[in-house]
Amino acid sequence: MATSRSTRFVGYLESRKNLTGSALGLAGLGLTFAGVAGPYWPVVVAGLYGAGALIAPPERPPLPDFPDPSAQLDEIRDDFGRLGEYLSGIELPPAAAGRLTELTELLAALLDPGWVAEVLVQDPEGVHKLSRAVRQDVPEAVDTFVRTRWWTRMAPGTEPPERHLERQLALLQEELGRVAEGLREVEARRQESHTRYLEDRSSG
């Protein structure tokens, strides 16, 4: 407890409020020595110190140390590897298995650590969608299918659960396909900008 109080005290001594108040308090002492404050100099010094403490800008706490997008992609790649191990032990109907293969191939391409990642890190929303697909959407879709399939076997005649799985995987592929298209557009704009730069340079 004493250590906590001493830490807070030292923190206040180093704060902007104390430094600004002390600066104005010293100015009040200067007025006192100059004979301006008169017999009320303690009130003047204290008032100036309080005014300085009030007008000082508030302390700005440090920003949270979140991982940068490159580090996030590294973590998503690790989780994608674990997802692949999980999926390898799941038996799916042929149509759903084909959809899943196409989706995981797209994920692998987007998570490639080469130049694709260099473009992807500039798209935080795209990184978020990849993370959500790997860590939530794909495993949830497959796990729900496995559990529903068991209940369907107990109650035959209901709607086949693979239809929902196929639709879910198709929707995910469409969403990630839009991410890939956005990255392609970024590169296309970059190429067009370079063309315009060369044209302007050659005509100058």
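At what angle do the axes of H5 and H8 cross, and within what distance do they come? They cross at roughly 25° and come within 9 Å. This is a predicted model. The protein has eight helices and zero strands.

**Overall make-up**
- Along the sequence, the pattern reads α-α-α-α-α-α-α-α.
- The protein has 204 residues, and 25% of them count as buried.
- Take the contacts with a separation of 6 or more: 75% of them join residues 24 or more positions apart.

**The H5 and H8 pair**
- Two packed helices are described by the angle between their axes and the distance between the axes.
- Angles under 35 degrees count as roughly parallel, so H5 and H8 are roughly parallel to each other.
- Their crossing is left-handed.
- On the H5 side, the residues that meet H8 include Leu100, Leu103 and Leu107.
- On the H8 side, the residues that meet H5 include Leu169, Leu172 and Leu176.
- The residues of this contact divide into 14 nonpolar, two polar and three charged.

**The largest nonpolar core**
- In soluble globular proteins, nonpolar side chains tend to be buried together.
- Here, the largest nonpolar core has 31 residues.
- Helices H4 (69–88), H5 (94–110), H6 (115–120), H7 (124–154) and H8 (161–203) each supply at least two of its residues.
- H7 gives the most, with eight residues.
- Leu107, Val138 and Leu176 have the most contacts inside this core.

**Leu107 up close**
- Leave aside neighbours within four places in sequence, and Leu107 is in contact with Phe80, Leu130, Ala133, Val134 and Leu176.
- Leu107 of H5 and Leu176 of H8 also belong to the meeting of those two helices.

Conventions. Residues numbered from 1 in each chain as written. Predicted model: local features only at pLDDT ≥ 70, side-chain atom pairs only at ≥ 80, totals over all residues. Heavy atoms only, no water. Core = buried A, V, L, I, M, F, W, Y, C linked by side-chain atoms within 4.5 Å. Buried < 20%, exposed > 50% of the residue type's maximum accessible area, 1.4 Å probe, protein only. Helix = DSSP H or I, 4+ residues; strand = E, 2+ residues; numbered from the N terminus. Contact = heavy atoms within 4.5 Å. Axes fitted to C-alpha atoms, helices over the stretch in contact; angles between N-to-C directions. Parallel < 35°, antiparallel > 145°, perpendicular 65-115°, else oblique. Left-handed = near helix turned anticlockwise from the far one by under 90°. Nonpolar A, V, L, I, M, F, W, Y, C, P; charged D, E, K, R; others polar.
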